[in-house]
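Biologist: Hi! Could you walk me through this one? I'd like to start with the strands and then jump around a bit.

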Amino acid sequence: MTTAREHKTHRDSKSHKVPKDDRYEVRLSGSGGHGVILACVMLARAIGTDPRRNVVLTQSYGPEARGGAVRADLVMAKGAIFYPKTMKLDLLLTFTQEACDKYCQDLKPDGLLVVDSTMVTKVPIKNSYGFPFIRLAREKVGHPMVANVIALGAIAELTGIVPREAIRAIVKEFAPKGTEEKNLKALQVGFDVAKKAKRK
Amino acid sequence: MPHRITSARKLMQGNEACVHGALYAGCRFFGGYPITPSTEIAEGMARLLPKCGGHFIQMEDEIASMASIIGASLTGTKSMTATSGPGFSLMQENIGYAYITEVPVVVVNVQRGGPSTGLPTKIAQADTMQARYGTHGDYQAITVAPASVRECFEQTVKAFNFAERFRTPVTMLTDEVLGHMREMITIPESGELEVVDREKPDVPHEWYHHFEITPTLVSPMASMGDGYRYHVTGLVHDQDGFPTANPNEIKAKMDKLRNKIVRFADEVTQLDVEMVDDAGIVVFAYGTTARAARQAVHMAREKRIRAGLIRPITIWPFPDDQLRELLAHVRRVLVVELNQGQLIHEIERVAPKTCKVAGLTRYDGEVLNPVEIFKRILEVK
């Protein structure tokens with residue numbers, strides 16, 4: 001009989017001591033087309049460049065090609081990640097009021113909410129930041145499509161879950177040919193607005 | 001042509017890992033029809049197979065897809081298809097053809113909600129019994145079920161190994177969440193995992209019997225074009241593949257189909273067992289559900305409840321003997337699955353009388369979370 005992979009830590013001790021969880025859970029949400037899944041893939045890649053950290057990314061979407069509620073959930077931990085989905089969020093980013101209303105209750109009491117302030121006008125909790133991501137993308141970078149990258153820069157800056165250089169390298173890698181500069185600029189815009197907001 | 005990929009740690013989807021696992025195992029033909037949530041497998045194969053000297057064909061439907069991989073395998077090429085529930089149903093007739101003609105193929109079913117078109121983008125584990133009894137007639141199924149991206153790679157390799165070793169179709173059951181889940185994975189180096197190839201005949205052409213009853217009951221398999229003569233039909237056949245109505249030959253063929261797997265089931269059984277030695281309650285779950293179950297078991301241990309986990313990685317053949325032994329001193333077993341109760345009947349069949357069986361199911365397109373499972377552990381412990 002093959003008994004694959006009995007977890008070593010539990011095999012030796014009769015008491016089966018369970019190590020404390022250090023899960024950090026993130027959800028990026030919006031509508032189809034906002035690029036939340038791609039943003040989350042980039043975030044996961046950047047986190048995964050650190051070999052000491054595990055990361056799992058799951059996604060939820062409807063059968064529509066455009067529109068419809070979309071969310072990407074990311075779990076990171078130093079130890080093994082068993083349950084791949086999120087349970088209580090440390091960080092929630094939303095591009096729509098609908099997603100904000102729906103997912104806000106999934107935040108931990110001290111969880112952080114980040115919203116696109118042009119789309120989300122009613123912010124239900126205090127521990128939150130609002131940035132006009134889509135407007136910033138249009139005005140500062142010249143294209144609304146990079147709003148997700150600005151948001152990525154903002155949450156990286158606000159939380160420090162991933163170093164600037166790591167996320168920069170991944171954004172550069174993911175950018176379609178010819179758009180590297182635009183995307184890196186968008187990321188910088190994200191870093192800058194978040195840094196300014198933090199100081200206040 | 002070897003399949004090359006850098007061995008650095010990569011962020012990869014379960015479906016992508018399945019593609020790389022297949023190429024690692026030597027798969028060089030994919031015939032398929034894209035369907036959510038399995039489409040990334042077809043996409044990956046279409047992109048990578050030509051680079052490895054293989055072939056990809058998008059067929060007109062799943063019936064033809066299954067036919068195409070049987071044909072390709074008969075030429076000596078390791079072959080695979082991937083689908084989800086609706087396609088798996090269409091494939092059943094030809095899967096039966098592969099059982100009786102003893103053609104090694106791999107079928108991946110990335111499960112979604114059903115029946116019929118059901119829930120294209122939502123998770124389910126409702127094809128568990130279909131993988132065992134989907135096509136008609138008597139046969140033994142081999143089914144593997146990974147629970148992580150790394151395992152999607154490893155179990156695809158295993159699925160090919162089992163198919164080649166036993167000359168039989170092998171199903172890999174994953175699910176929507178696992179197929180689309182991304183995790184860091186280090187692709188194994190060439191030679192790191194075992195890769196099994198089918199046994200070829202080394203006898204003179206005139207001595208060859210394509211369905212010869214050997215000590216292992218698995219017959220060496222000549223490829224079409226090798227110069228060996230044989231016949232392939234879905235009718236019950238003799239050792240050369242020609243239809244027979246002789247009861248002795250029929251029985252011999254049916255016994256061969258059954259016993260080539262039943263007698264060597266230990267070779268395919270894979271169980272992941274954690275904290276069962278002192279457990280009062282054991283949770284039994286596979287695939288994505290098992291990950292939530294593991295978390296719930298750890299939550300229970302934190303509360304000093306002696307819980308354990310048994311996760312079958314090979315679901316079929318069902319690990320009867322191993323489970324009887326493992327459950328001998330367990331008072332409760334909780335079967336957790338994303339359907340209206342399928343594997344629970346298998347557990348009820350094998351659990352000793354001293355062990356009470358309880359279930360926890362969910363079938364609304366969502367995964368069971370650890371808290372739900374933990375609460376159920378408290379209820380039934």
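Biologist: How many bridges join strand E2 of chain A to E4(A), and do they run parallel or antiparallel?
Modeller: Strand E2 (residues 24-31) of chain A and E4(A) run antiparallel, joined by 8 bridges. Strands pair here if DSSP finds at least two bridges between them. Strands (E, at least two residues) and helices (H or I, at least four) are DSSP runs, numbered from the N terminus. This is a predicted model, where local features need pLDDT of at least 70 and side-chain atom pairs count only at pLDDT 80 or more, while totals for chains, interfaces and linings use all residues. Residues are numbered from 1 along each chain as its sequence is written, chains are lettered from A and ligands numbered from 1 in the order in which they are written, and side-chain values use heavy atoms, leaving out hydrogens and water.

Biologist: Which residue is the bridge partner of A:Val26?
Modeller: A:Val26 has A:Leu74 as its bridge partner in E4(A). Strand E3 (residues 54-60) of chain A also pairs with E4(A), in the antiparallel sense over 7 bridges. There, A:Ser60 has A:Arg71 as its bridge partner.

Biologist: Why is E4(A) largely enclosed by the rest of the structure?
Modeller: Strand E4 (residues 69-77) of chain A is largely enclosed because 8 of its 9 residues are buried. Buried means under 20% relative accessible area, exposed means over 50%, and partly exposed is in between (1.4 Å probe, protein chains only).

Biologist: Still in chain A, where is A:Met145?
Modeller: A:Met145 sits in the loop between helix H4 (133-141) and helix H5 (147-159) of chain A. At 65% relative accessibility, A:Met145 is exposed.

Biologist: Over to chain B. What does its domain assignment give?
Modeller: Chain B has domain 1 (9-186) and domain 2 (270-380), with bounds from an automatic or database domain assignment. Their contact takes 30 residues from domain 1 of chain B and 22 residues from domain 2 of chain B, where contact means heavy atoms within 4.5 Å. The C-alpha centres of these two domains lie 26 Å apart.

Biologist: And how much area do domain 1 and domain 2 of chain B bury between them?
Modeller: About 2100 Å², of which 51% is on carbon and sulfur atoms. That is the accessible area (1.4 Å probe) that the two parts lose on being put together, summed over both.

Biologist: Let's do helices. Which residues of H12(B) are buried?
Modeller: In helix H12 (residues 370-380) of chain B, they are B:Pro370, B:Ile373, B:Phe374, B:Ile377 and B:Val380. These buried residues line one face of H12(B), because they fall within an arc of 135 degrees seen down the axis; the arc is that of the directions from the helix axis to the C-beta atoms. B:Lys375 and B:Glu379 are exposed on the other side of H12(B).

Biologist: What covers the buried residues of H12(B)?
Modeller: The cover includes strand E11 (281-284), helix H9 (287-302), strand E14 (332-337) and strand E15 (356-361) of chain B. At the start of H12(B), a side-chain oxygen of B:Asn369 comes within 3.0 Å of the backbone nitrogen of B:Val371.

Biologist: Now B:Ser84: buried or exposed?
Modeller: B:Ser84 is buried, at 0% relative accessibility. The loop holding B:Ser84 lies between strand E4 (79-83) and helix H4 (85-101) of chain B. A polar atom of the B:Ser84 side chain is 2.6 Å from the backbone oxygen of B:Val110. Beyond neighbours within four places in sequence, B:Ser84 contacts several residues, including B:Ile35, B:Pro37 and B:Arg112.

Methods: Polar contact = N/O pair within 3.5 Å; in protein donor to acceptor, adjacent residues only side chain to side chain.
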